Amino acid sequence: MSHSKRVTKAVIPAAGLGTRFLPATKAMPKEMLPVVDEPAIQYVVAEAARAGLSDVLMVTGRSKRALEDHFDRVPSLEAMLEEKGDFEKLRRIREATALGDIHYIRQGDPKGLGHAVLCARHHVGNEPFAVLLGDDLIDERDELLATMIDVQEKTGGSVIAVMEVDPEQIGAYGCADVTTVDGEEYVRVNRLVEKPSPEEAPSNLAVIGRYVLHPAVFDVLEHTAPGRGDEIQLTDALQELAASDREGGGVYAVVFRGRRYDTGDKLSYIKAVVSLACDREDLGPELKPWLREYVASL
C-alpha cells in the first residue's frame with residue numbers, strides 16, 4: 001500500500017569532521033572540497049533539485065558556516081562581475097543560490113548517521129523524505145533519485161540504493177540481502193549487514209548514499225541503540241523496518257548501474273575530479289590528450 005504523500009524534502013547530513021582529508025579540512029568543511037570548480041555539496045543539492053526536491057535541510061556541525069555562505073548571495077561579488085561583464089561567472093554563482101529553499105540545523109554531538117537523520121524529524125514531519133550523503137556523487141546523466149521516489153510512492157516503505165561491487169570490497173559498505181519482486185525492477189530487502197567480511201556477506205550489493213525513507217524511521221531511530229563505532233546507525237533502523245509489518249514497514253532497493261563518484265577518500269576523490277573534468281566540454285578536449293601522454297610516460 002503506497003503512502004499518500006509525495007516526497008518533497010531532502011535531508012543532507014553534513015556534520016562530519018572530514019579527518020581523512022586533513023590538513024585540508026582543518027578549517028574548511030570536507031563538503032566544500034572542490035570537484036573541478038564546484039564544491040561537492042553543490043552537486044548533491046543540484047541532484048535533489050533535479051528530482052523536484054526544493055526543500056533541503058542540511059544537518060551541519062561546528063565550523064560549517066562555509067556551507068551556509070556558499071548557498072547565500074554575495075551582492076558585492078555579483079555587482080563586480082556584472083560591472084566587468086563577466087556574465088558566465090555571474091550565472092554560475094547564482095546557480096547555487098537558486099537551487100532551492102535551504103535550511104540548516106546543527107547536530108550537536110557526532111552520534112552517527114542515524115542520529116543526524118533523527119535531527120531532521122521536526123523539519124520533515126510525517127511525510128516521506130530523501131537522504132543524500134555528500135560522499136557519493138551521482139552523475140546527472142544517470143537517473144537514480146527520481147526512480148527511488150517513484151518506488152517509495154508505489155511501495156509505501158523505505159527505499160535504499162545499492163550497486164554491485166567487487167566481493168572483496170564489500171567490507172567497506174553496508175551489504176543488502178535481497179529478494180526479487182515479480183514484475184518489478186526494484187527488489188525487496190530481507191536484511192542489511194554493516195561492513196561484513198567477504199565470507200560473511202550475503203551478496204555483493206553495497207548500500208550507497210541515497211535513501212528515500214518513510215517517516216516511521218524516526219520512531220525506530222528514537223530507540224535504536226548505538227551500534228558499530230558506538231554510533232546510532234541508520235542501517236540498524238532500516239534492518240528493523242525491513243522486518244516490520246507496521247505502517248511504513250518494508251525496505252526496498254533500487255540497483256544502480258550508472259556512474260557514481262566516491263569522494264569519501266583521497267584516491268577516489270582524485271578519480272572523481274579527473275572523471276568529471278574529462279567529461280567537461282571546456283576541459284575534456286585538452287585534458288584527455290594530456291592524460292594519455294602522462295599515462296604512457298609512467
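This is a predicted model: local features need pLDDT of at least 70, side-chain atom pairs count only at pLDDT 80 or more; totals for chains, interfaces and linings use all residues.

User: What makes a residue part of the lining of the second largest pocket, and which lie nearest its centre?

Analyst: A lining residue has an atom within 4 Å of a point of the pocket. For the second largest pocket, 18 residues pass. Nearest its centre lie E38, Y43, E140, L276 and R280. The space in this pocket comes to about 530 Å³.

User: Which elements supply at least two residues of that lining?

Analyst: They are α1, α4 (87–97) and β7 (136–138). The most comes from α1, with five residues.

User: Why is α1 called largely enclosed?

Analyst: Buried means under 20% relative accessible area. Eight of the 11 residues of α1 are buried, so the helix is largely enclosed by the rest of the structure. The buried ones are A40, I41, Q42, V44, V45, A46, E47 and A48. Just after α1, G52 takes a positive phi of about 90°.

User: How many residues line the largest pocket, and which are closest to its centre?

Analyst: The largest pocket has about 1,400 Å³ of space. Its lining counts 45 residues, and R20, K30, L113, L133 and D135 are the closest to the centre. Two or more residues each come from α1 (40–50), α5 (113–118), β11 (205–213), α9 (234–242) and β13 (260–262). Of the elements, β11 gives the most, with four residues.

User: What makes a space a cavity, and how many of 30 Å³ or more are found?

Analyst: A search of the whole structure for cavities of 30 Å³ or more finds one. The largest cavity has about 40 Å³ of space. Its lining is I160, G174, C175, L192, V207, Y211, T235 and L238. The elements giving two or more of these residues are β9 (174–180), β11 and α9.

User: What is the make-up of the chain as a whole?

Analyst: The protein chain has 11 helices and 13 strands.

User: Why is the protein chain called as compact as a globular protein of that length?

Analyst: Set the value against the rule. The globule rule gives 19 Å for 298 residues, and the radius of gyration is 20 Å, which is close, so the chain is as compact as a globular protein of that length. Along its principal axes, the C-alpha trace spans about 60 × 50 × 40 Å.

User: How do you know what share of the protein chain is buried?

Analyst: Apply the cut-off of under 20% relative accessible area to each residue. Of the 298 residues, 47% count as buried. The protein chain exposes about 15,200 Å², with carbon and sulfur atoms supplying 50% of that area.

User: What share of the contacts joins residues 24 or more positions apart?

Analyst: Contact means heavy atoms within 4.5 Å. Among contacts with a separation of 6 or more, 76% are between residues 24 or more positions apart.

Methods: Residues are numbered from 1 along each chain as its sequence is written. Side-chain values use heavy atoms; hydrogens and water are left out. On a 1 Å grid over the protein atoms alone, a cavity is a set of points where a 1.4 Å probe fits but cannot get out, and a pocket is an open set with protein on both sides within 12 Å along at least five of seven lines; lining residues have an atom within 4 Å of a point. Grid points are joined across faces, edges and corners, and a volume is the space filled by probe spheres set on the points. The radius of gyration is taken over C-alpha atoms; the globule rule is 2.2 Å times the number of residues to the power 0.38. Buried means under 20% relative accessible area, exposed over 50%, partly exposed in between (1.4 Å probe, protein chains only). Accessible areas come from the Shrake-Rupley method with a 1.4 Å probe; for residues, only the protein chains shown count as cover.
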